[in-house]
Amino acid sequence: MANLTERPRHTCALGGAIATASALPGTIPVLHAPPGCASNTTWTQAGGCGLQLGGYCGGLSMPGTNMQEREVVFGGSERLQELIKNAQTVMEGDLYFVLTSCVAEVIGDDIGAIVKPFQDEGIPVIYAETGGFKGNSYTGYDLTLQSLWENFIPAAAERVPEKVNLWGIPPFFDAFWRGNLEGLRQLLRRLGLTVNTFFTAEDTLAGIREAGSASLNILVSDGYGTGAAELSRQKHGIPYVVSPLPIGPAASDEFLRSVGAALGLDRQRVETVIGEENRRYYRYLDTFVDCYNDMDLQRYAAVAGDANYAPAVTRFLADDLGWLPEVVAVSDVLTEEQERAIRQRLEKLSSGLRPKVYFTPDTSEIRRCVKEHWTTEAGAKYANKLTPAFVVGSSLERELAKDLQAGHLSVSFPVSNRAILDRGYTGYRGGLRLIEDLIGVIAVNR
Amino acid sequence: MGKTIKQIAIYGKGGIGKSTTTSNISAALSKLGYKVMQFGCDPKADSTNTLRRGTYIPTVLDTLREKNQVKPEDVIFKGFNGVYCVEAGGPAPGVGCAGRGIITAVQLLKQLKVYDELELDVVIYDVLGDVVCGGFAVPIREGIAQHVFTVSSADFMAIYAANNLFKGIKKYSNSGGALLGGLIANSINAPYAKDIVDDFVERTATRVVEYIPRSVTVTQAELQGKTTVEAAPDSEQAKIYARLAQKVVDTTESKTPSPLEISQLREWAAKWADQLLALETGEVRGTAAGI
Ligand SMILES: Nc1ncnc2c1ncn2[C@@H]1O[C@H](COP(=O)(O)OP(=O)(O)O)[C@@H](O)[C@H]1O
Ligand SMILES: [Mg+2]
């Protein structure tokens, strides 16, 4: 790996933790950090989360200890104690979630000992050790979820047979988090399941507290939130299934079948839902295919995105939409095992396409890999010119798209050129949404 | 979940005899049939030497410096009679942050979840006792050790360090941290040494778990790279260590100590200085000097 990452797509672990804690219902993040941590992550979010930021006591209004040299030298315990006390008087929360920064963890403040007296008094305070150096935003997401499972969700006496928890879609760092969670919840509900998704408007802390009675945890990610799934399996005895982020019919069919199998649901029931959803999906496409063909809306594609989006979008383009993905750049630093999982998924596209796969978080490197592929292919004898082209990536792929004279849609973090509220790309409907957005870019000047 | 593991932390001033005492406790417990792990939490990384013929083992932090992922077999090594040995290690002197190093190493071992797998009965942390920052207090936090022992001689500096440790224990005593099992009095030969230590534990509401004489047997064993328990199993000293080990492992209830305020401690020490001076100049000299 290179020593330098240019324009990376991550914050530190604390950034991911802040986003995650502030996305929980009724939750106030309480930062044990020097000045700067909150504002840095807030402005990163402002620049990359589809204009979503803050919320009640999130962003710049989040309480923080504002650690100074004094706290570093003498310890920050008292300051944090004071802050937790004061936060309760001025901020209305059902859960106060203490998150630690690098500084707090280097000096070794014992957060467990600080929050315990509050907990003993029945005040809802929990904490996660999220020192920035622990990893990137996705690590912070995982650590925060782990803390929920460890400190907030009790092990249940009984399992509810058709109840599941769903995660793997990190709030804010997947700018479509709410829409994506809702899209999958809607599908799972069609199977008759009760679904806890932690972060949507419908979720409540009371519901999350009962997550321990679920029969299955569903992780729609090869990389994000795995630690929490493992912890919940060990502590609560809840098994989990891992699925790639399902976008469009091919992936959604598979998703529903894998959940059905894991829960031992009646196959007929699952197939009926799949049949109905496909019928609906293709009914919409019926009136689109003529234009798709006549207007030459097929594209060669380069896909750049995080470990969730890069493989998921590629599969959708190749196996559902009929586009031709040539290069896939996964912009995360992953373990060998995680890389292998993603590669394997991309090696069995039913369209038979075999895009080149790169793993690099570096924006310039992504641009170089894609351009190199485009010029080599175009320069070859009997060359296939790879035009017209389209780049599905993040806002950082704007230059690449310009280089290739290609259309460009930002889907993966950072998404700074779109406003996102409840939009999502998961499930069958999400596939339709993605088609609208992709074709919308091409058709915009008509 | 397996059986409950007894986790013990041993603190004390540098050079006071923590590692010597801890290793002998580990060795003695292993002979009693316990499965023991000794976890050295001193950047010096020599805690387990006498359990492993005087050799040094790769430390958790050195391993972490080389690799991103550490496997249990990279850092856990068997020593005398099957005692598992781990050294946290630390940065080179004068650089980095040794305290954070201890946090990282202890958390890493916890994450590896090997304690259950190895079916351990006892884990003993041997910790540098001048608790200079938060990192060195990690072994006594909630969820790690339940009982703390301190090794001290009758020297004022050793007692001062013990008193500081008591302050730390007291501070977190209401929030689930470890409590004090007692003081292990090391290098106690002169009668006045015993009196000093006895007086101190009485003032601070704790107890002496065992008096360990300073003995050349310990030095001889150390020179062979062995614990006294291994090198001289039948010696009087080994018997004392065995007795100590039994008491340590039998400890089920620890207490919150009452540390002295610094002014109280000074007054207390001054009073003893006067008495010792009287001994020096008086006729009792002969018995007092018995080394
Ligand atoms: N009871 C004892 N009798 C003789 N020598 C001892 C005794 N206790 C400790 N020592 C010696 O003191 C030195 C320092 O002991 P050590 O256990 O390494 O201290 P620490 O771990 O507290 O820094 C060692 O050389 C050790 O052999
Ligand atoms: Mg030592």
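Helices (H or I, at least four residues) and strands (E, at least two) here are DSSP runs, numbered from the N terminus. With that settled, let's go through the model.

This is a predicted model, so to speak of ground rules: local features need pLDDT of at least 70, side-chain atom pairs count only at pLDDT 80 or more, and totals for chains, interfaces and linings use all residues. Residues are numbered from 1 along each chain as its sequence is written, chains are lettered from A and ligands numbered from 1 in the order written, and side-chain values use heavy atoms, with hydrogens and water left out.Chain A loops next. Pro414(A) sits in the loop between strand S12 (407–410) and helix H18 (427–443) of chain A. A cis peptide bond joins Phe413(A) to Pro414(A), with omega at about -5 degrees. There is another cis bond, between Thr387(A) and Pro388(A), and omega there is about -5 degrees. Pro388(A) belongs to the loop between H16 and strand S11 (389–393) of chain A. One more backbone point: Phe172(A) has phi near 70 degrees, a positive value in a residue other than glycine. Look for Phe172(A) in the loop between strand S4 (163–167) and helix H8 (177–190) of chain A.

Now salt bridges. The term means a side-chain nitrogen of Lys or Arg within 4 Å of a carboxyl oxygen of Asp or Glu. Over all chains, the structure holds 38 of them. Take Arg367(A) and Asp403(A): their side chains meet at 2.7 Å, N to O. Arg367(A) is in helix H16 (residues 363–379) of chain A and Asp403(A) in helix H17 (residues 398–403), so this pair ties together parts that are 36 residues apart in sequence.

On to the interface. How many residues of chain B are in contact with chain A? The count is 14 residues of chain B against 16 residues of chain A, where contact means heavy atoms within 4.5 Å. The two chains bury about 1,100 Å² between them, 44% of it on carbon and sulfur atoms. Buried area is the accessible area (1.4 Å probe) that two parts lose on being put together, summed over both. Arg100(B), Arg141(B) and Tyr172(B) supply 44% of the area that chain B buries against chain A, more than any other three residues.

The rule finds three salt bridges across this interface. In one of the structure's salt bridges, Arg100(B) meets Glu105(A) at 3.4 Å, N to O. Helix H4 (residues 98–112) of chain B gives the largest share of the side that touches chain A, three residues. That side divides into three nonpolar, six polar and five charged residues. For those classes, Ala, Val, Leu, Ile, Met, Phe, Trp, Tyr, Cys and Pro count as nonpolar, Asp, Glu, Lys and Arg as charged, and the others, Gly among them, as polar.

Last, ligand 1. Which residues are closest to ligand 1? Of the 18 that surround it, the closest are Gly15(B), Lys18(B), Ser19(B), Thr20(B) and Glu222(B). A residue is near if one of its heavy atoms lies within 4 Å. Gly15(B) places a backbone N or O atom 2.7 Å from an oxygen atom of ligand 1. Ser19(B) has a side-chain N or O atom 2.8 Å from a ligand oxygen. For Lys44(B), a polar side-chain atom lies 3.4 Å from an oxygen atom of ligand 1. Alone, ligand 1 exposes 560 Å², and the protein buries 86% of that. Those areas come from the Shrake-Rupley method with a 1.4 Å probe; for residues, only the protein chains shown count as cover. H1(B) gives the most to the shell, with three residues. By class, the shell divides into five nonpolar, eight polar and five charged residues.

Methods. Polar contact = N/O pair within 3.5 Å; in protein donor to acceptor, adjacent residues only side chain to side chain.
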